[in-house]
Structures are given as C-alpha cells and as structure tokens.
Amino acid sequence: MLTPRGAVFIVSGVFCLAFGFSTVNYYLVLLGIFLILGSVISMPYFELAVDLENIEITRTIDKEKVFAEDFVFVTVTVENKGKLRIDYLEIFDTYPEIFTLILGKSIMTTRLDPGEKKVFSYVLQCRRRGVHKIGPFKLVVHDRLGLHFEQKTFEIYTELLIYPSYQDVRKMEAMGGQRTLGRIFGMHKTKQKGMGTEFFGIRNYFPMDEYRRIDWKATARTGDLMMREFEIEKNIKIMVLLDTSASMGGGLPDNTKLDYSIRAAVLLAKLALERRDEVGIVAFSNKVHIYVKPRMGKEYFYHILEALAIVEPQGGLRIMEVMEWVLKRTPKRSFFVLLTDLEESRGELINACKLARAHKNSVLVISPFGPWFEAYPGELTPVQRALTEAISEELLEQRKKIIDELVRMDIGVIDVSPDDFLPAVVSQYLKAKKKGVALR
C-alpha cells in the first residue's frame, strides 16, 4: 500500500507528465515518468522483501491479578525469524482506553536484522475493576524511501483481572492495628469466659477445677484457693448481600453506588477475616450472580476479591427469590449485611428481611442514598442545589415508610453518603461484634 509520501510522488509525477506534454518540456516529462515508475516499480520489490509471517511477537506482564489503581509492567519482545532484513518496522501494542500509560511507550520503531530480537516495555495503570485484555499487536513495515507500507494485526491478547481498590484496606492497616481502630470506632471483642489465653479475672476454687489454673499468688494472699479465668473471642458469621441491580449503577463515573458498596464489602471482608469471622458474599439483582460460601481465613479474602471484581449493575431486583435461595445455603444465626439503595421492589425487600429474621438471622441494611452520590454539593449551582434538595426530601419520605417497617422488625437501617459509607460499615460491624450478634 502507498504511504502519503508515495501518493505525493505519483500525483507529482502525473502533474509533471501532463504539464511537460502541454508545454513541450521534455525535462518535466522525464521527471514525471521517473516519479511514477519509481513509485510503481518499487512496489512489487517491496512486497517480495516484506516477510511479516516470520515475525514473532510476545507480551508478558509482571502480574495477572492486581488491585485497581495499582501498576502493571508490560514487556514486549519482537524477533525476526526470517532471512531478510526489515529496515523500518513499527510495533504498536494496544490497550483499553480505561488504562493509563504511566511510564514508557507502547510503540517501538526499529530495524530488525535476520535472527535479531528487540525488547521494549511500559507501565500501565487501571482504575476500573473487572477483567480486561491488553492487545492486539499492530505491525507496520515501511520501505527505505517511505513510499510503501504493509501492516498486519496479531490477535494476541493478555487477560488481566483487576480487583476492587485496596486503598481503603491500606488506610485501615495504616491506622496501626486493633488499638487504633478501637479508639476510632469503639471496637470491643465479643468476650466469653472459656479456655482462651487472655486473662479475664480471679474467682474462688470449685470442685473439679483444674489444678493447673490455680493462681498461687492470689491463694497465698487470701488464704483460699483462687482460680485464674481466661476469655476467648467468639466469632460471628457474616453474609454480605450486594444489590447489583441497574439502579445501583447511579452516581458519578467510577464512584457509583455499586462501586462504593463493593469497596465497603471489601473492607468489611478484610476486617472480619482478620478477626477469624466467617464471611460470605452474594451479588444479586433479579437472580443470584455470584455466591461465595461463608468461610474464614485470611487467604479466603482473594476469593471474595475475584468475585467482586466482575460485578456489574444489571437487571431489576427480585430479592424475595434471592433471599429464599440464600437461606437454603446459609446457616441460621448469621449476620446479614444488605447493601441496597432501597429504590426497587420495596415490598419484596420488607418480606425478604422478614423471612431472614424468621430464620433467626440478624439483618442490617446499609443504603446508599441516590442524590448524595450523583453530584457534589460544592459543584452545584443554586438552582441545581434547590432541585436536588427537593428530590431528596421526596425520596426520603418514600424511604421512611420502608425504614419504619424494618425497624419494627428489629432491623437496623442506615442511610449513607460517599463520605460516611465506609466508616458506617466498619462501625456497624464492630458494634455487632461487641453485642455478640450471630455467634457461632
């Protein structure tokens, strides 16, 4: 194929040829013939010299699974396995628009001798969770004069799984551990006397007590046999029910109600698994999309991350059917944390919560309130702010009826905004832990 320069050569040749004949200027005629023949004759020679079939290209990445906003190091290797030299080769490695090129270039221009190998690399960042593909490759070969080119697309893709953002967990870990969390959120263990290792207190000796638990110092001080008691921390079962219906997709780009709910679920799972609680996840709309059975263990956190990475808002909401499905697979006396915006199937939601309570489960509803997610107050004009407040008041009135019904069933309901969503989830979990909700 002709490059823009090749096209200029041919057009210039035709012009010189025509103008030379019209003015009987044989020098222009010869120049026109030279330009045209030079462009046309060189084309078959270039096509014979180009051998893209013997170009081997590969891509490697340093990690196949990363957290949102983390970096991916990409390395591309190009090798000429043919016997002909390629004078001018351009390699383009394409990637989705949601990725940001942080360092380096995804393009290389080079010359490849027979058997020669070239390597280039670059760094990408992706802020959106999900499964994404890097690729394909596009190769373009030019001739020495830049008159012709050939191109080929190599359908080579590299799949990358982007977990939800880990920044919230990092902030929690930066707080300095359990004591700092306790000061900020008022955290307390669910304590119960037993065979633990943390000291609970001293009591009098009773027959059948183990002698190894006698506190001899207290015995010497009081003159009576005194026993040491220890406490253990009881664990709870948490089931996170994540509403992924279409209405949860409302909000600012990359900061929708669903995005915040997923961040809250990640933070809650991390916090609970660190404390040896069982955590499970259900993502649903008009059906169950993802179900992760409640289990414990820090390593289980990545199963939850993989499940939440591919969640997208879709469909309506049929929560009653979903709740029946979940209850058949979840043990009784679990702590259900329902993340939903309360905008669809309101009657069904009340009945579903009633059914969960009938199965002796504790239920907490944390609801992102739509208008608070769709605009920042500081960015609104006075008219927009007045309209937002009017819509908010109307929606709050509608939600109040549902909330009152749920509260009568001893179900907590909390309206949250982007600013207090994550603190509210952590605080409610710690309160449930303190009260001994859903002990196993």
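Mentor: Begin with a pairing: strand E11 (residues 158-163) and E2 run parallel, joined by three bridges. Keep in mind that this is a predicted model, where local features need pLDDT of at least 70, side-chain atom pairs count only at pLDDT 80 or more, and totals for chains, interfaces and linings use all residues. Residues are numbered from 1 along each chain as its sequence is written, and side-chain values use heavy atoms, with hydrogens and water left out.

Trainee: What makes E2 and E11 a pair?

Mentor: Two strands pair if DSSP finds at least two bridges between them. E2 and E11 have three bridges, so they pair. Lys65 stands opposite Leu161 in E11. Strands themselves are DSSP runs (E, at least two residues), and helices are too (H or I, at least four), numbered from the N terminus.

Trainee: Which strands make up the open sheet, and in what order?

Mentor: The order is E2-E11-E8, with mixed pairing. Strand E2 (65-67) and strand E8 (130-134) are the edges, since each pairs on one side only. Helix H7 (residues 301-309) packs on this sheet and touches E2, E8 and E11. Touching is contact, meaning heavy atoms within 4.5 Å.

Trainee: How do you know how H7 is directed relative to E11?

Mentor: The angle between their directions is about 110 degrees. Axes are lines fitted to C-alpha atoms, for helices over the stretch in contact, and angles run from 0 to 180 degrees between N-to-C directions.

Trainee: Why is Gln428 called buried?

Mentor: Buried means under 20% relative accessible area, exposed over 50%, partly exposed in between (1.4 Å probe, protein chains only). Gln428 has 19%, so it counts as buried. Gln428 is found in helix H12 (residues 421-435). Leaving aside neighbours within four places in sequence, Gln428 contacts Leu364 and Ile414.

Trainee: Why is Ile98 called partly exposed?

Mentor: Its relative accessible area is 27%, so Ile98 falls in the in-between class. Ile98 lies in the loop between strand E4 (86-93) and strand E5 (99-104). Beyond neighbours within four places, its contacts include Gln125 and His132. Ile98 and His132 are 34 residues apart in sequence and 9.4 Å apart in space, C-alpha to C-alpha.

Trainee: What makes strand E9 mostly covered?

Mentor: Five of the six residues in E9 (residues 137-142) are buried. E9 pairs antiparallel with E4 over six bridges. Six bridges also join E9 to strand E10 (residues 149-154), again antiparallel. There, Leu139 has Lys152 in E10 as its bridge partner.
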